[in-house]
Amino acid sequence: MGITRRYLLRTGWKIGGGMLALLAGWTSWELLRPLTVAGASGKMKLGSPANYKAGTATFVNQGRLWVSNADGHLFALSQKCPHLGCRVPFCESSGRFECPCHGSVFDIAGEWISGPSPRGMDQHPLTVENDVLIVDTSQKINGPDHGAVAFLTDSKGPACAGNG
Ligand code: FES
C-alpha cells in the first residue's frame with residue numbers, strides 16, 4: 001500500500017494544526033511572561049538623569065514604564081493604569097497622562113487629577129549610581145492617594161483624549 005493523497009492531506013492538516021497550537025502557545029507566553037529586566041533583581045539602567053528634561057515623559061518599553069521629570073524630580077511611573085490596567089499614554093499637548101479607557105487623568109508626576117482611578121500612577125524605585133539612573137521594576141510603590149498634588153501644574157494645552 002503506497003502513500004495516498006488522503007493520507008498526505010490528513011498528515012498535512014495534523015502538522016499544520018500542531019504548528020498553530022505551538023504558535024498560539026508561544027504568543028500567549030510572550031504576552032503573559034514577566035517583563036524582561038537586566039539582572040535577577042529587576043534593576044534596569046536608564047542612562048544619565050540629564051537625559052530626562054523637566055516637563056518631559058519618556059517611555060521605556062523594556063520596563064513598560066514612563067520616566068517623567070516633574071520640575072527636576074524624576075519618577076518611574078508604571079504604564080499600567082491603577083483603575084483597570086489599561087496602558088496610560090502621555091499627552092504632549094496637555095502635559096498630562098490620560099488613560100484612554102475610562103478617562104483618568106494624572107499630572108506629570110503621576111498624581112491623580114480626575115477619573116475613576118483609585119490613586120495616582122504606581123511607581124518603581126529610582127536610584128542614581130555613578131550618574132546612571134537605575135529603576136527597580138521588581139518593586140512597585142502604590143501611586144499617591146487622591147489629593148496628593150505636590151507637582152500639579154496647569155494643563156499645557158488641549159487634552160489628547162478630550163477628557164480634561
Ligand atoms: S483603566 Fe484607566 S481609567 Fe480605567
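Alanine 76 is in contact (C-beta atoms, placed from the backbone, within 7 Å) with Leu65, Val67, Gln123, His124, Leu126 and Val135, leaving aside residues up to four places away in sequence. The structure is a predicted model, in which local features need pLDDT of at least 70 and side-chain atom pairs count only at pLDDT 80 or more, whereas totals for chains, interfaces and linings use all residues. Residues are numbered from 1 along each chain as its sequence is written.

Ala76 also belongs to the largest nonpolar core, a set of 24 residues in which Leu65, Trp66, Ala76, Leu77 and Phe97 touch the most other members; such a core comprises buried Ala, Val, Leu, Ile, Met, Phe, Trp, Tyr and Cys residues joined through C-beta atoms within 7 Å, a residue being buried if 20 or more other C-beta atoms lie within 10 Å of its own. Two or more residues each are given to this core by strands 3 (65-70), 4 (73-78), 5 (90-91), 7 (105-106) and 11 (132-136), with the largest share, 4 residues, coming from strand 3. Of the 164 residues of the chain, 27% count as buried.

The chain contains 1 helix and 11 strands, assigned as DSSP runs (H or I, at least four residues; E, at least two) and numbered from the N terminus. Strands 10 and 11 pair over 4 bridges, and glutamate 129 has valine 132 in strand 11 as its bridge partner.

Notes. Buried ≥ 20, exposed ≤ 12 C-beta atoms within 10 Å, placed from the backbone. Contact = placed C-beta atoms within 7 Å. Pairing = 2+ DSSP bridges.
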